[in-house]
Amino acid sequence: MQVFDEKKFRAQIILKGKTYREVARTLNISLATFHRRIAAQGNFTRKEIGILIEFLEIEKPMEIFFAKELA
């Protein structure tokens, strides 16, 4: 099963010196919606994932958005 790695995602935001508000603004969604998407196991659209990869300069997006669940 593929899962969203919330910890790596949050770490990427911090490492790039961004705020949740900046990321939400880049996705053109409210901060509340951004938090809900994270809480819903990264329920981002494909387009949003593409924007996130570019904006946060994510080198290994598969490890964040399509991580394998630990058994």
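Colleague: Which residue's side chain forms a polar contact of 2.9 Å with the side chain of Thr33?

Modeller: This is a predicted model. Thr33 is found in helix α3. Its relative accessibility is 18%, under the 20% cut-off, so Thr33 counts as buried. The polar contact of 2.9 Å links its side chain to that of Ser30.

Colleague: Is Ala32 buried, partly exposed or exposed?

Modeller: Ala32 also belongs to α3. Its relative accessible area is 43%. Buried means under 20% and exposed means over 50%, so Ala32 falls in between and is partly exposed.

Colleague: How far apart are the C-alpha atoms of Ala32 and Ile58?

Modeller: Along the chain, Ala32 and Ile58 are 26 residues apart.

Colleague: How are α2 and α3 oriented to each other: roughly parallel, antiparallel, perpendicular or oblique?

Modeller: Their axes lie 9 Å apart, and the packing angle is about 95 degrees. Angles of 65 to 115 degrees count as roughly perpendicular. The two helices, α2 and α3, are therefore roughly perpendicular.

Colleague: Which residues of α3 make the contact with α2?

Modeller: The residues of this contact divide into six nonpolar, one polar and one charged. From α2 come Tyr20, Arg21, Val23, Ala24 and Leu27. From α3 come Leu31, Phe34 and His35.

Colleague: Which residues does Phe34 contact, leaving aside neighbours within four places in sequence?

Modeller: Phe34 is one of the residues that α3 brings to its contact with α2. With those neighbours left aside, the partners of Phe34 are Phe9, Ile13, Tyr20, Val23, Ala24, Leu27, Ile29 and Phe44.

Colleague: Which members of the largest nonpolar core touch the most other members?

Modeller: This core holds 16 residues. Those that touch the most other members are Phe9, Phe34, Phe44, Leu52 and Phe65.

Colleague: Which helix gives the most to this core?

Modeller: At least two core residues come from each of α1 (6-15), α2 (20-27), α3 (31-39), α4 (46-55) and α5 (61-65). The helix that gives the most, with three residues, is α2.

Colleague: What is the phi of Asn28?

Modeller: Asn28 is found in the loop between α2 and α3. Its relative accessible area is 71%, over the 50% cut-off, so Asn28 counts as exposed. Asn28 is not a glycine, yet its phi is positive, at about 65 degrees.

Colleague: Where is Glu57 found?

Modeller: Glu57 is a residue other than glycine with a positive phi, near 50 degrees. Its place is the loop between α4 and α5.

Colleague: Which residues does Gln12 contact, leaving aside neighbours within four places in sequence?

Modeller: Gln12 is found in helix α1. Its relative accessible area is 14%, under the 20% cut-off, so Gln12 is buried. With those neighbours left aside, the residues in contact with Gln12 are Leu56, Glu57, Ile58 and Ile64.

Colleague: What is the C-alpha to C-alpha distance between Thr45 and Ile14?

Modeller: Thr45 is found in the loop between α3 and α4. Thr45 is partly exposed, with a relative accessible area of 41%. In sequence, Thr45 and Ile14 are 31 residues apart. In space, C-alpha to C-alpha, their separation is 22 Å.

How values were computed. Residues are numbered from 1 along each chain as its sequence is written. This is a predicted model: local features need pLDDT of at least 70, side-chain atom pairs count only at pLDDT 80 or more; totals for chains, interfaces and linings use all residues. Side-chain values use heavy atoms; hydrogens and water are left out. A nonpolar core is a set of buried Ala, Val, Leu, Ile, Met, Phe, Trp, Tyr and Cys residues joined through side-chain atoms within 4.5 Å. Buried means under 20% relative accessible area, exposed over 50%, partly exposed in between (1.4 Å probe, protein chains only). Helices (H or I, at least four residues) and strands (E, at least two) are DSSP runs, numbered from the N terminus. Contact means heavy atoms within 4.5 Å. Axes are lines fitted to C-alpha atoms, for helices over the stretch in contact, and angles run from 0 to 180 degrees between N-to-C directions. Angles under 35 degrees count as roughly parallel, over 145 as roughly antiparallel, 65 to 115 as roughly perpendicular and the rest as oblique. Ala, Val, Leu, Ile, Met, Phe, Trp, Tyr, Cys and Pro count as nonpolar, Asp, Glu, Lys and Arg as charged, and the others, Gly among them, as polar. A polar contact is a pair of N or O atoms within 3.5 Å; within protein, one must be able to donate a hydrogen and the other to accept it, and residues adjacent in sequence count only if both atoms are side-chain atoms.
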